[in-house]
Amino acid sequence: MPSISNALQTTIGRKILTGITGVFLTLFLVAHLAGNLTLFSPDPDAFNLYAHFLHELGPLLWIAEIILVVLFLAHAYIGISIYRRRKQSRPENYNYYNSKGGPSKQNAASKTMIFTGIIILLFVILHVMHFKYHLFSPETYMTTINGEEMVDLTRHVETAFHNIWIVLGYTAVMVLIGFHLKHGVWSAFVSLGASNPKRLPVIYTVGGIVAVLLSVGFLFIPIYIYLRHLFGG
Ligand code: HEM
């Protein structure tokens, strides 16, 4: 059984590790989007109650958060190391190549993985400072639901998305996340062994669908909240 440090020594090992960490990060995004969509539930307290339920998990939530941070950092670190080694060993203009990890298709999304990845990492740092630690808000808004006091995350999110600059910033980053996922999902499948040439177009389409669904799903939130505010909803 090869160790993680052995896996990091080879191109295929690094691609498998980015693939595995990428799959878990994508699953986090699916769960995060599903939770965020409770903002549009007919019950105006649904989002706060959902977040409160997570906070009440205490140590279980901390463990999940530590795993998430490790996944993010490992994915970023290995992704950067793949990019640096490829830069050192390959010519600039290649369109299709066969790496030890299987065939890899080059396009705008694949060539900008390092750029979109770094922007997403910076976004996540600012996003967590903003929404989890409320560092850019004058105070942590609180509310009482069913006699229980809890953080008013709905107000934090809505206040943020009444600001056109924040909405535009989120919109730009969500499009980049779509690009990153488009290539990332495909690449993860191939790195994890799905390299049968007949299945590649299907995998490529699946990657595109996952990317569009997540990107549009996240995009919808700031844009809808901003327009609702603008038109007095
Ligand atoms: C419009 C889209 C989004 C909204 C409204 C949103 C909202 C939130 C909120 C309110 C929190 C704080 C949760 C809490 O305190 O319990 C949070 C945490 C977080 N968000 Fe988002 N988010 C969005 C998109 C994203 C995206 C695209 C990513 C990743 C690329 C992301 C990554 C995270 C992470 C890592 C946390 C910290 C989770 C934790 O520590 O429990 N979010 N988000």
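Helices, of at least four residues, and strands, of at least two, are taken here as DSSP runs numbered from the N terminus. In these terms the predicted model contains a loop between helix 6 and strand 3, and His134 is located in that loop. Although His134 is not a glycine, its phi is positive, at about 55 degrees. A residue counts as buried with 20 or more other C-beta atoms within 10 Å of its own and as exposed with 12 or fewer; His134 has 15 C-beta neighbours inside 10 Å and is therefore classed as partly exposed.

The protein chain as a whole comprises nine helices and four strands, and the order of these elements from the N terminus on is α-α-α-α-β-β-α-α-β-β-α-α-α. Along its principal axes, the C-alpha trace of the protein chain extends over about 60 × 40 × 30 Å. Of the 233 residues in the protein chain, 22% count as buried. When contacts in the protein chain with a separation of 6 or more are considered, 76% of them are accounted for by residues 24 or more positions apart.

The ligand is surrounded by 20 residues, of which Ala51, Glu65, Phe131, Lys132 and Ile221 are the closest. Two or more residues of this shell are given by each of helix 2 (11-36), helix 3 (46-56), helix 4 (59-89), helix 6 (113-132), helix 7 (153-160), helix 8 (164-191) and helix 9 (200-230). Helix 6 supplies the largest share of the shell around the ligand, namely six residues. In composition, the shell around the ligand consists of 15 nonpolar, three polar and two charged residues.

The largest nonpolar core is made up of 18 residues, and those with the most contacts inside it are Val173, Met174, Ile177, Leu181, Val185, Phe189 and Leu214. The elements that give two or more residues to this core are helix 8 and helix 9, with helix 8 giving the most, at eleven residues. In soluble globular proteins, nonpolar side chains tend to be buried together. With residues up to four places away in sequence left out of the count, Leu181 touches Thr26, Val210, Ala211 and Leu214. Leu219, which lies in helix 9, touches Thr171 and Met174 when residues up to four places away in sequence are likewise not counted. Leu219 itself has 19 other C-beta atoms within 10 Å and is partly exposed, because the count for a buried residue must be 20 or more. The C-alpha atoms of Leu219 and Met113 are separated by 20 Å, the two residues being 106 residues apart along the chain.

Helix 8 is followed by Gly193, which has a positive phi near 110 degrees.

Tyr77 is partly exposed, since 15 other C-beta atoms lie within 10 Å. Between Tyr77 and Lys198 the C-alpha to C-alpha distance is 32 Å, and 121 residues separate them in sequence.

Strand 3 (residues 142-145) and strand 4 (residues 148-151) run antiparallel and are joined by four bridges. Within this pairing, Thr143 stands opposite Met150 in strand 4, while Thr144 has Glu149 in strand 4 as its bridge partner. The two strands form a hairpin with two residues between them. Asn146 is placed in the loop between strand 3 and strand 4, and its phi is positive, at about 50 degrees, although Asn146 is not a glycine. Asn146 has 7 C-beta neighbours inside 10 Å and therefore counts as exposed, the limit for that class being 12 or fewer.

Notes. Residues are numbered from 1 along each chain as its sequence is written. This is a predicted model: local features need pLDDT of at least 70, side-chain atom pairs count only at pLDDT 80 or more; totals for chains, interfaces and linings use all residues. A residue is near a molecule or strand if its C-beta atom, placed from the backbone, lies within 6 Å of it. Ala, Val, Leu, Ile, Met, Phe, Trp, Tyr, Cys and Pro count as nonpolar, Asp, Glu, Lys and Arg as charged, and the others, Gly among them, as polar. A nonpolar core is a set of buried Ala, Val, Leu, Ile, Met, Phe, Trp, Tyr and Cys residues joined through C-beta atoms within 7 Å. Two residues are in contact if their C-beta atoms, placed from the backbone, lie within 7 Å. Two strands pair if DSSP finds at least two bridges between them.
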